[in-house]
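Welcome! Take a look at the picture first, and then read on.

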Amino acid sequence: MNDNNLRIIVIDDDPGVRDAFKEILTQPPSSGIAEKGAALFGEEMPGLTSCAPQTYELTLTENGELGVDAVRRALERHQPFSVAFIDMNMPGIDGAETARRIWVLDPNIKIVIVTAFSEYRPCDIIHIAQRDDIFYLRKPFNSEEIRQFANALTHAWDTERQREILAQKLEAVNAELEDVNQNLQQKVNEQTALLIQSEKMSSLGVLAAGVAHEINNPISFIHGNLDTIRKYSASVTKLLQKYRSLEEAASRRGGDEIQALIAEINEFKAGHKIDFILEDIVSLADESLDGTRRVRDIVRELRGFSHADDTTPQPADLNEIIEKTLTMIGRELSPKTEIIRDYGELLPVRCYPQKLAQVFLNVLINAAQAVGEKGTIYIATRGVMTASNADPSKVEICITDTGQGIPADEMTKVFDPFFTTKPVGAGTGLGLSISYDIVKSHGGEMLIDSSENKGTTVRIIVPVGGGGG
Ligand SMILES: Nc1ncnc2c1ncn2[C@@H]1O[C@H](COP(=O)(O)OP(=O)(O)OP(=O)(O)O)[C@@H](O)[C@H]1O
Ligand SMILES: [Mg+2]
């Protein structure tokens, strides 16, 4: 199949010339055209046999206007000509003007001006046609010359079109590459942001674990001493109560001197609120002990940052862990909080069960605190099965609450250590950052989505074989 454009138009007022073109370009060279050409143009035709025979699809027109019209119609049919042979000297518009008009319609067509006389110089024709990529054929010409022109110019036309198609394809590929490039850039930005975040997390983790370790010792002896002071104070209070009995007995029986001393003691007691101090000292010690207990809890959580308490990973049923966690936090939940369980069938996950329990605990307590007096916590679990070995099965846990939600400008901070919006003493701001770290150490992901005044969803995804630690 030949896809080349072999459509040629000949515009010449001389019927003899048109016939000659027809014979030269539509008949194989062996049919005696060499002799006919020689007879017509008065020349020998050297090298004719070397020319590869090619049959062209020829349109013959007898003047410039008809020629321009034929070009227009060919374009409308989407079958443009590749080459036009145009006689220079014709009645009506001449060859140069015809060429100019044809090029306005079809700038791709190759034009050969056929001219017999010399009053038109090539530069005149270029001037009229307004393009310099025009070819000339001087009469008398031979049929071999015409064949060579036809062959070379149809070939050039095809090559140019192919080049155009290639250029278009190249442009499309370039655009695609640009797209890919942009996507890659976006991916790089996202990965860089994640990397920065995880770097920040791990360096803060190390720092926090160090601080936790340093705090642990003094807080232990402060706690121990407070406990002892509380016990001592109970003994001292008891002793003072015994003195009070002695005081009463002495005031009943004693002389003036004793009465004066008792009055002095009573004055001192009133001035220094001794009765109040004796009552208050125990609750002060109790409150302080509560405080040190809380500091110890924080220290324990901080240690989670560096996995100081790692045990061996083992297969665990995450639905079961969530259930146990829910039992643990029972008292944190308001009786009006509705818990909806939507547990899917899960493969056992190789993990550090204590640590994942800590994650669920933190997320569920956050949800409970967010819903407050009344609301719903929806817990859904499901297995995410994948056939590929490269991406083994995962387990996904979604914990959604109908609480107050998180304002958009705080969303980027919730995983930051010490970020809390809770009143002093109510939150340390470590729950989510520790949880994030634990899930990450299981090769998983932790994502949070929230709408202010509507609620929050925390998604935890862990690979079944994840717990590498
Ligand atoms: N379910 C939720 N609904 C609304 N806000 C939330 C939710 N979970 C987390 N937050 C917001 O993210 C902040 C950080 O949570 P994170 O659990 O890390 O710390 P915290 O709850 O404030 O304190 P901690 O958990 O250490 O006691 C919270 O103070 C709160 O503003
Ligand atoms: Mg929390």
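Which element gives the largest share of the shell around ligand 1? That element is helix 10, with three residues. Please keep in mind that this is a predicted model. The points below begin with the ligand, move on to the sheet, and end with a few backbone details.

**Around ligand 1**

- The shell around ligand 1 has 18 residues, and those that come nearest are Asn366, Thr420, Thr421, Lys422 and Thr428.
- Thr420 places a polar side-chain atom 2.5 Å from an oxygen atom of the ligand.
- Lys422 also takes part through its side chain, where an N or O atom is 2.5 Å from an oxygen atom of ligand 1.
- Gly431 contributes through its backbone: an N or O atom there lies 3.1 Å from an oxygen atom of ligand 1.
- On its own, ligand 1 has 590 Å² of accessible area, and the protein covers 93% of that.
- Two or more residues of the shell come from each of helix 10 and helix 11.

- Five strands form an open sheet with mixed pairing, in the order 7-9-10-12-11.
- Strand 7 (337–343) and strand 11 (445–451) are the edges, so to speak, each pairing on one side only.
- On average, neighbouring strands of this sheet are turned by 10 degrees against each other, ignoring direction.
- Seven bridges link strand 7 to strand 9 (residues 375–384), and the two pair in the parallel sense; Asp342 stands opposite Ala380 of strand 9.
- Helix 10 (residues 353–371) packs on this sheet and touches strand 7, strand 9, strand 10 (394–401), strand 11 and strand 12 (455–463). The direction of helix 10 makes about 150 degrees with that of strand 9.
- Helix 11 (residues 431–441) lies across strand 11 and strand 12, at about 140 degrees to strand 11.

**Backbone details in the loops**

- Lys139 and Pro140 are joined by a cis peptide bond, with omega at about -5 degrees. You can find Pro140 in the loop between strand 5 (135–138) and helix 6 (143–253).
- Lys273 is not a glycine, yet its phi is positive, near 45 degrees. Its place is the loop between helix 7 (256–271) and helix 8 (274–305), and Lys273 is exposed, with a relative accessible area of 55%.
- Asn453, another residue that is not a glycine, has a positive phi of about 65 degrees. Asn453 sits in the loop between strand 11 and strand 12, and counts as exposed at 66% relative accessibility.

How values were computed
Residues are numbered from 1 along each chain as its sequence is written. Chains are lettered from A and ligands numbered from 1 in the order in which they are written. This is a predicted model: local features need pLDDT of at least 70, side-chain atom pairs count only at pLDDT 80 or more; totals for chains, interfaces and linings use all residues. Side-chain values use heavy atoms; hydrogens and water are left out. Two strands pair if DSSP finds at least two bridges between them. Helices (H or I, at least four residues) and strands (E, at least two) are DSSP runs, numbered from the N terminus. Axes are lines fitted to C-alpha atoms, for helices over the stretch in contact, and angles run from 0 to 180 degrees between N-to-C directions. Contact means heavy atoms within 4.5 Å. Buried means under 20% relative accessible area, exposed over 50%, partly exposed in between (1.4 Å probe, protein chains only). A residue is near a molecule or strand if one of its heavy atoms lies within 4 Å of it. A polar contact is a pair of N or O atoms within 3.5 Å; within protein, one must be able to donate a hydrogen and the other to accept it, and residues adjacent in sequence count only if both atoms are side-chain atoms. Accessible areas come from the Shrake-Rupley method with a 1.4 Å probe; for residues, only the protein chains shown count as cover.
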